[in-house]
Amino acid sequence: RITGTDTAPVVKVDGRDVSKAFKRYPKGGWVGLVDGLASGNNELVAGTARLTLVNHPINGTLFAGPQQDPYVCENEAFGLAKAIDTSCAAPTQVAYFYRSRNDKKWRPYDAKAPKPDDLDYTTNSLGYKAPLIVRRELGVINRAAYVISILHDPVLPLPTPTSSNLTGWNGRVIYASRGGVAAGYHMGNTIGSLDISGGAYVAGENNNLHQSLIEAGYALVAGSLNVTGTTSNDVLQAETTAKIKERFIEEFGPPVFMIGMGTSGGSMAQHLVANNYPGLYDGIMPWRSYPDVMSFWQPLYDCALLHKAFDTSKMKYTDVQKAAISGKLTWLYCHNNDHRAEGNIDPNDCAPVVKEALAFDPKMTKPRCTYQDNLVNVFGKDPKTGVARNPFDNVGVQYGLKALNDGKITFDQFVDLNTRIGGHDVNGKIVAQRQVGDELALKRAYETGRVNLGTNSSAIPYVDIRTYSDGDPIHRGDPDVDVHDGYH
């Protein structure tokens with residue numbers, strides 16, 4: 001955007017005239033999309049003003065550091081052309097879908113044919129009546145599959161950065177994340193919380209919410225690396241969000257606002273990106289929230305230690321005592337969920353698609369699929385071990401202290417537990433010694449926002465949807481206690 005002149009500016013990039021790209025902006029000044037940039041630095045000149053534009057590869061790193069190697073592309077899972085290299089690059093696809101008013105299902109739409117008789121309509125949040133026709137863009141950005149679904153009747157022009165001709169889109173964006181927690185090294189096979197089977201990518205795990213949002217005119221946007229079950233590297237998630245948002249702005253202009261949305265691990269993604277990279281989100285809608293990944297894992301690491309300590313003790317611990325020691329409503333929480341930690345603490349417990357690639361190509365570099373190795377660009381490597389510095393620690397923890405003070409366990413049980421609790425070694429195995437966190441990793445965990453202290457939480461609004469499942473509230477012995485407890 002160029003301001004300070006009422007006449008059309010003369011704009012050049014490295015001597016090349018790009019003035020025609022600039023149009024009057026309704027909010028003042030001149031706005032233009034400058035393309036054809038060379039890789040690296042490009043000098044843009046407008047009058048006496050100069051600006052260096054740094055052009056980064058669309059599938060290369062921006063601020064997340066060196067990209068993971070190995071890395072498995074999963075283009076075919078999204079119907080994209082097969083990747084020919086580790087950039088996962090593929091031609092972008094644009095298709096149209098419409099919603100039938102008969103069964104509320106989304107079907108392919110032929111823009112050249114007459115409008116179907118069962119075409120559904122909506123009145124968006126601005127009071128504009130529009131057909132429920134979605135333009136779906138699907139492609140690869142930052143080695144992630146991405147989707148942009150926006151209401152648009154193809155007989156009308158699309159909105160652009162310099163026009164406001166909304167054709168059902170209300171000018172606002174919802175950015176979808178998804179749950180799970182895992183250690184990366186692949187593209188993933190889902191896009192945010194949007195449903196791949198519907199084709200239009202407007203429905204998903206929260207179908208009614210997605211439908212109501214598209215009916216109100218919101219654009220739905222997501223990337224496969226914004227699924228924390230694909231990667232728990234929130235720096236990479238922020239980088240992916242920034243690039244996909246940039247893509248949206250280049251096509252349709254800056255949205256009025258962009259709000260995050262998603263459950264569980266998808267809430268971690270929102271909280272961390274919003275707190276550590278202010279400006280990407282203008283608000284978030286997390287539900288079944290966890291503040292960050294580390295705060296999710298530490299209790300489950302402890303659950304695994306407690307489980308072994310109880311099973312190998314000569315003393316008897318009742319389930320009531322075990323629950324009191326764990327701090328959970330019921331011991332079943334730990335009993336049924338401590339296995340979840342394996343996928344982020346065992347370096348060999350990689351995603352199935354990564355294991356398959358390793359089996360297919362024995363020469364492929366074998367990754368370490370732990371939380372800290374997934375974020376090695378943040379934590380760095382321990383020169384003694386050659387693997388990522390580990391921020392997790394349980395030195396000094398007095399397990400069962402509250403249970404002891406409340407009279408629920410004996411002093412002998414307290415001593416027994418704390419002398420035998422042990423810790424995890426660098427490969428996630430339970431050993432007799434407590435786990436000593438790497439001091440530099442701990443420092444970086446707090447300083448870089450991996451532990452979410454809410455530094456920037458007041459900058460944007462949060463609507464926290466608290467659909468928690470607190471264990472066994474009616475004492476029915478439920479064997480499948482949910483991990484999303486109210487403690488978090």
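## A left-handed link

The link of Cys 73 and Cys 88 is left-handed, with -80° about the S-S bond. This comes from a predicted model. The two sulfur atoms of Cys 73 and Cys 88 sit 2.0 Å apart in this disulfide. Both ends belong to the loop between strand E6 (49-55) and E7, with Cys 73 and Cys 88 15 residues apart.

How accessible are these two cysteines? Cys 73 has 19% relative accessibility and counts as buried. The cut-off for buried is under 20%. Cys 88 is buried as well, at 0%.

## The other disulfides

How many disulfides does the structure hold? There are three. A disulfide is a covalent bond between the sulfur atoms of two cysteines. Counting the bonded cysteines along the chain, the pattern is 1-2, 3-4, 5-6.

Cys 303 pairs with Cys 334, and their sulfur atoms are 1.9 Å apart. The link of Cys 303 and Cys 334 is left-handed, with -60° about the S-S bond. Both of these cysteines are buried.

Cys 350 and Cys 369 form another disulfide, with 2.1 Å between the sulfur atoms. Which hand does this link have? The torsion about its S-S bond is about 100°, so the disulfide of Cys 350 and Cys 369 is right-handed. Cys 350 is in the loop between helix H7 (342-345) and helix H8 (352-360). Cys 369 is in the loop between H8 and helix H9 (371-374), and the two cysteines are 19 residues apart. Cys 350 counts as buried at 6% relative accessibility. Cys 369 is buried too, at 1%.

## Charged pairs

Side chains of opposite charge can pair when their charged atoms come close. A search of the whole structure finds 20 salt bridges. One of them joins the side chains of Arg 99 and Glu 215, with 2.7 Å from N to O. Arg 99 lies in strand E7 (residues 93-99) and Glu 215 in helix H1 (residues 207-215), so the pair ties together parts that are 116 residues apart in sequence. Arg 99 is buried, at 4% relative accessibility. Glu 215 is partly exposed, at 27%.

Another salt bridge is formed by Asp 485 and Lys 328, with their closest N and O atoms 2.7 Å apart. This pair links distant parts of the chain, 157 residues apart. Asp 485 is in the segment after helix H13 (439-447). Lys 328 is in the loop between helix H5 (319-326) and helix H6 (332-337). Asp 485 is buried at 5% relative accessibility. Lys 328 is buried at 10%.

Arg 466 is exposed, at 61%.

What caps the N-terminal end of H13? Asp 438 does. One of its side-chain oxygens lies 2.9 Å from the backbone nitrogen of Leu 440. Just after H13 comes Gly 449, with a positive phi of about 90°.

Ile 150 is part of strand E12 (residues 144-151). Its relative accessible area is 1%, so Ile 150 is buried.

Leu 332 is 182 residues from Ile 150 along the chain. How far apart are the C-alpha atoms of Ile 150 and Leu 332? They are separated by 44 Å.

Conventions: Residues numbered from 1 in each chain as written. Predicted model: local features only at pLDDT ≥ 70, side-chain atom pairs only at ≥ 80, totals over all residues. Heavy atoms only, no water. Salt bridge = Lys/Arg side-chain N within 4 Å of Asp/Glu carboxyl O. Helix = DSSP H or I, 4+ residues; strand = E, 2+ residues; numbered from the N terminus. Buried < 20%, exposed > 50% of the residue type's maximum accessible area, 1.4 Å probe, protein only. Polar contact = N/O pair within 3.5 Å; in protein donor to acceptor, adjacent residues only side chain to side chain. Disulfide = S-S within 2.5 Å.
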